[in-house]
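Subject: The structure we talked about

Hi,

Here is the structure I promised to pass on. Have a look at it first, and then read my notes below.

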Amino acid sequence: MEQAARLIRFSKYTIALTGAGISAESGIPTFRGHQGLWERYDPMEYASIGSFIEDPEKVWKALYELDEIMQKARPNPAHFALAELEKMGYLKAIITQNVDGLHQAAGSKNVIEFHGSAKRLICLNCGRVYQREEIDTSVLVPRCKCNGLLKPDVVFFGEPIPEKAMELANQEVDACDLMLVIGTSAEVVPASILPWEAKRSGAKIIEVNLSPTNLTDEITDIFLQGPATKVLTSLLKKMTV
Ligand code: OAD
């Protein structure tokens, strides 16, 4: 922890890459592992663009459960710690794979939503974007004014990463000399490649996770094992003394 705090203090450009693990303590289930979402829902059946187009009603019904959890979820101390590190000038950007908006709710400003946002819906026909609250999703299947299918504006399997997010993320990765990798299994490309790219261009990697990932023994310089809330709160404390 001491070493990690020192690294952050002396780095010129620190960014964070976050995944579902950072929101787990806000009550949002992760995807992989015990009780992960993919244990109950086959991602190819419920989170691929092909299956959505084939049977949008089925996918929308499954999304309800997650949508309800997300509407109620509030940022946890890990989200707040990152927002504070940004305010203090230590953290320049967050690239998140999460679609829950909790970093912004905690006060983080420079957040790149790599997999989109569940707070928006997008029309598959005309591309029009709606705020989640504008649409009554209890009437299935929600449709656009043009009658096109509405889909949460999140990246489904088989869809590309939004171009702007990809471009901004690459810029941040190029600029960073330290990357905090928090609560991600780092198994889904292309997000999982970002720490490798950062490392290749000379950045140090601090990883925060409950358990080691395939990055840990390969490119991680400091592994802080534990729940993100606890680890990031301690880290923030070290940064403020
Ligand atoms: P995963 O579910 O794959 O991984 C969550 C990671 O968080 C695991 O490594 C856990 O050990 C760790 N973890 C769980 N609870 C934690 C806690 N309290 N503190 C710290 N770490 C914790 O989630 P992601 O890596 O985010 O994509 O998954 C990446 C992508 O796969 C998601 O964005 C989603 C999914 O398919 C799309 O839907 C496009």
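Let's start with Glu 65: its relative accessibility is 30%, so this residue counts as partly exposed. Keep in mind that the model is a predicted one. Glu 65 makes a salt bridge with Arg 40, and their closest N and O atoms are 3.1 Å apart. Glu 65 sits in helix 6 (residues 56-72) and Arg 40 in helix 3 (residues 37-40), so this pair, 25 residues apart, links distant parts of the chain. Arg 40 is partly exposed too, as its relative accessible area is 48%.

How many salt bridges does the count come to? The count is 12. As background, side chains with opposite charges can pair when their charged atoms come close. Another one to look up joins Arg 120 and Glu 113, at 3.6 Å from N to O. Glu 113 is buried, at 17% relative accessible area, while Arg 120 counts as partly exposed at 23%. These two also belong to a network of salt bridges that links Glu 113, Arg 120 and Asp 153. Then there is Glu 167 with Lys 164, where the closest N and O atoms are 3.9 Å apart. Both of these residues lie in helix 9, three residues apart, which is about one turn of the helix. Lys 164 is exposed at 52%, and Glu 167 is partly exposed at 41%.

Now the rings. There are two aromatic pairs in the structure. Tyr 41 and Tyr 46 have ring centres 5.0 Å apart and planes at 70°, so they are edge-to-face. Phe 52 and Phe 156 are edge-to-face as well, with 5.7 Å between centres and 80° between planes. Phe 52 is in helix 5 (residues 49-54) and Phe 156 is in the loop between strand 6 (150-154) and helix 9 (163-175), so the pair ties together parts that are 104 residues apart in sequence. Phe 52 and Phe 156 are both buried. Look above the rings as well: Lys 58 lies over the face of Tyr 46, 5.2 Å from the ring centre, and the charged end of Lys 151 is over the ring of Phe 156, 4.6 Å from its centre.

Last, the inside. The largest nonpolar core has 24 residues, and Leu 82, Leu 180, Ile 182, Ile 206 and Leu 232 have the most contacts within it. Helix 11 gives the largest share of this core, six residues. Apart from that core lies another one of 23 residues, including Leu 37 and Tyr 130.

Cheers

Conventions. Residues numbered from 1 in each chain as written. Heavy atoms only, no water. Phe/Tyr/Trp six-rings, centres within 6.5 Å; stacked < 30°, edge-to-face > 60°. Helix = DSSP H or I, 4+ residues; strand = E, 2+ residues; numbered from the N terminus. Buried < 20%, exposed > 50% of the residue type's maximum accessible area, 1.4 Å probe, protein only. Lys NZ or Arg CZ within 6 Å of the ring centre and 35° of its normal. Core = buried A, V, L, I, M, F, W, Y, C linked by side-chain atoms within 4.5 Å. Salt bridge = Lys/Arg side-chain N within 4 Å of Asp/Glu carboxyl O.
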